[in-house]
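Q: Could we go through the surface, the charge pairs and the pockets of this model together? Please give the criteria as we go.

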Amino acid sequence: MEKLYWKISEVAEIVGVRPEQLRYWEKEHGLLHPLRKGGKRRYTRKDIQIALMIKALQDNGEDLRRISYQLRHHNNSEFFNKALKTFLKSIQQDVRKLLEEVRKIKRELEEGYN
């Protein structure tokens, strides 16, 4: 069964930010809209996707006010395409780093056995 809701600590770990950052995006910019159950925030898959997109755009130098404005007022495909490309590029960079690390470990292991 697929998970429907995530706690703030889980989302923060997935996105790579502190929980306070998620609360800031929610309270100050209205960018996230977690459900409230028993006084706790519960994030959906859509919330996580938006948070990942915000993080990728910020990491790429995009101003949070512009991100906020675009997400809230302009549901335009050009902005979302840019956000998606930025996010995919960041994932690609992460994958490259991981592959390089795996190659390094493999070389070290091979050298240790020779």
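Q: Which residues make the nonpolar surface patch?
A: Leu 84, Leu 88, Ile 91, Val 95 and Leu 99 make a nonpolar surface patch of about 400 Å². Patches are made of residues with over 30% relative accessible area and no salt bridge; like charges are joined within 9 Å, and nonpolar side chains (Val, Leu, Ile, Met, Phe, Trp, Tyr) within 5 Å. Accessible areas come from the Shrake-Rupley method with a 1.4 Å probe, and for residues only the protein chains shown count as cover.

Q: What sort of model is it, and how are residues numbered?
A: This is a predicted model, in which local features need pLDDT of at least 70 and side-chain atom pairs count only at pLDDT 80 or more, while totals for chains, interfaces and linings use all residues. Residues are numbered from 1 along each chain as its sequence is written, and side-chain values use heavy atoms, with hydrogens and water left out.

Q: Where does Leu 84 lie?
A: Leu 84 lies in helix H5; helices (H or I, at least four residues) and strands (E, at least two) are DSSP runs, numbered from the N terminus. Leu 84 counts as partly exposed because its relative accessibility is 45%. Buried means under 20% relative accessible area, exposed over 50%, and partly exposed in between (1.4 Å probe, protein chains only).

Q: On to charges: how many salt bridges are there?
A: The count comes to 10 salt bridges, each being a side-chain nitrogen of Lys or Arg within 4 Å of a carboxyl oxygen of Asp or Glu.

Q: What does Lys 55 pair with?
A: Lys 55 meets Asp 59 in a salt bridge, at 2.7 Å from N to O. The two are separated by about one helical turn because they are four residues apart in helix H3. Asp 59 is exposed, with a relative accessible area of 56%.

Q: And Glu 62, is that residue buried or exposed?
A: Glu 62 counts as buried, at 15% relative accessibility. Its salt-bridge partner is Arg 66, with the closest N and O atoms 3.1 Å apart. Arg 66 counts as partly exposed, at 38%.

Q: Which residue forms a salt bridge with Arg 107?
A: Glu 100 does, the closest N and O atoms being 3.5 Å apart. Glu 100 is partly exposed at 41% relative accessibility, and Arg 107 is partly exposed at 40%. Elsewhere, salt bridges that share partners join Glu 26, Arg 36 and Arg 41 into one network.

Q: Now pockets: what is the volume of the second largest pocket?
A: The second largest pocket has a volume of about 270 Å³. On a 1 Å grid over the protein atoms alone, a pocket is an open set of points where a 1.4 Å probe fits, with protein on both sides within 12 Å along at least five of seven lines; lining residues have an atom within 4 Å of a point. Grid points are joined across faces, edges and corners, and a volume is the space filled by probe spheres set on the points.

Q: Which residues lie nearest its centre?
A: Of the 15 residues lining the second largest pocket, Ala 56, Asp 59, Ser 90, Ile 91 and Asp 94 lie nearest its centre. H5 gives the most to this lining, with eight residues.

Q: How much space lies in the largest pocket?
A: About 330 Å³ of space lies in the largest pocket. Among its 17 lining residues, Lys 46, Ile 50, Met 53, Leu 71 and Phe 80 are the closest to its centre. H3 gives the most to the lining of the largest pocket, with six residues.
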